[in-house]
Amino acid sequence: MSTPLVVAATVVAVALAVLGGLSTALRRRIGTAHLAGVGLLELLLVAQAVVTVVAMAGGHRPAELATFLAYLVSVVLLPVAGLLWARTEPTRWAGTVVGVAGLAVAVMLWRLLDLWEVTGA
């Protein structure tokens, strides 16, 4: 895993959470800024997943491989699931859904990094 990618994705995820909370507070639905934020976050997460898979193919194995892989797949899918859910929500709470997804991604990324740094050797 790349620590700079984790930091960049965390910054985008937290910004997305703030944007979602702000739109909820202002009683507005999600817009293009939310879509762009989720797109950027997803791009960073896919890049992180590719870097991680390449490192694993090179021989690095985290100690808890199944847990690590479950987190890795989940963290890539979570922003898309949150956005799809938010797009179907016709109320101002759509921003909250995107915000919660962003916060969950931020926490999961640091848990992934923690799992990655503990090797099974």
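## Helix H2, end to end

Let's start with helix H2, residues 32-57. With 26 residues at 1.5 Å each, H2 should span 38 Å, and its end C-alpha atoms are 37 Å apart, which agrees. (The expected span is 1.5 Å times one less than the number of residues in the helix; helices are DSSP runs of H or I with at least four residues, strands are runs of E with at least two, and both are numbered from the N terminus.) Just after H2 comes glycine 59, with a positive phi of about 120 degrees.

A word on the ground rules: this is a predicted model, where local features need pLDDT of at least 70 and side-chain atom pairs count only at pLDDT 80 or more, while totals for chains, interfaces and linings use all residues. Residues are numbered from 1 along each chain as its sequence is written, and side-chain values use heavy atoms, with hydrogens and water left out.

## The buried side of H2

Which residues of H2 are buried? They are His34, Gly37, Val38, Leu41, Glu42, Leu44, Leu45, Gln48, Ala49, Thr52 and Met56. (Buried means under 20% relative accessible area, exposed means over 50%, and partly exposed is in between, using a 1.4 Å probe and protein chains only.) These buried residues pack against helix H1 (3-25), H3 and H4.

Leucine 45 counts as buried because its relative accessibility is 2%. Leaving aside neighbours within four places in sequence, leucine 45 is in contact (heavy atoms within 4.5 Å) with Ala9, Val75, Val76, Pro79, Val105 and Leu109. Take valine 76: it sits 31 residues from leucine 45 in sequence, yet the two are 5.7 Å apart in space, C-alpha to C-alpha. Glutamine 48, also in H2, is buried at 4% relative accessibility. With neighbours within four places in sequence again left aside, glutamine 48 is in contact with Met1, Ser2, Leu5 and Val6.

## An aromatic pair

How many aromatic pairs turn up? The count comes to one. Phenylalanine 68 and tryptophan 116 make a tilted pair, 5.4 Å centre to centre with 35 degrees between the planes. (Rings of Phe, Tyr and Trp, the last by its six-membered ring, pair if their centres lie within 6.5 Å; planes under 30 degrees apart count as stacked, over 60 as edge-to-face and the rest as tilted.) Phenylalanine 68 lies in helix H3 (residues 65-88) and tryptophan 116 in helix H4, so the pair ties together parts that are 48 residues apart in sequence. Both of these residues are buried.

Side chains of opposite charge can pair when their charged atoms come close. Searching the whole structure finds one salt bridge, meaning a side-chain nitrogen of Lys or Arg within 4 Å of a carboxyl oxygen of Asp or Glu. Here the partners are aspartate 114 and arginine 111, whose closest N and O atoms are 3.2 Å apart. Both lie in helix H4 (residues 94-117), three residues apart, or about one turn of the helix. Aspartate 114 is partly exposed, with a relative accessible area of 41%, and arginine 111 is partly exposed as well, at 31%.

## Out on the surface

What about valines that are exposed? Valine 11, in helix H1, counts as exposed at 55% relative accessibility. Valine 107, found in helix H4, counts as exposed at 60%. Valine 107 and alanine 86 are 21 residues apart in sequence and 20 Å apart in space, C-alpha to C-alpha.
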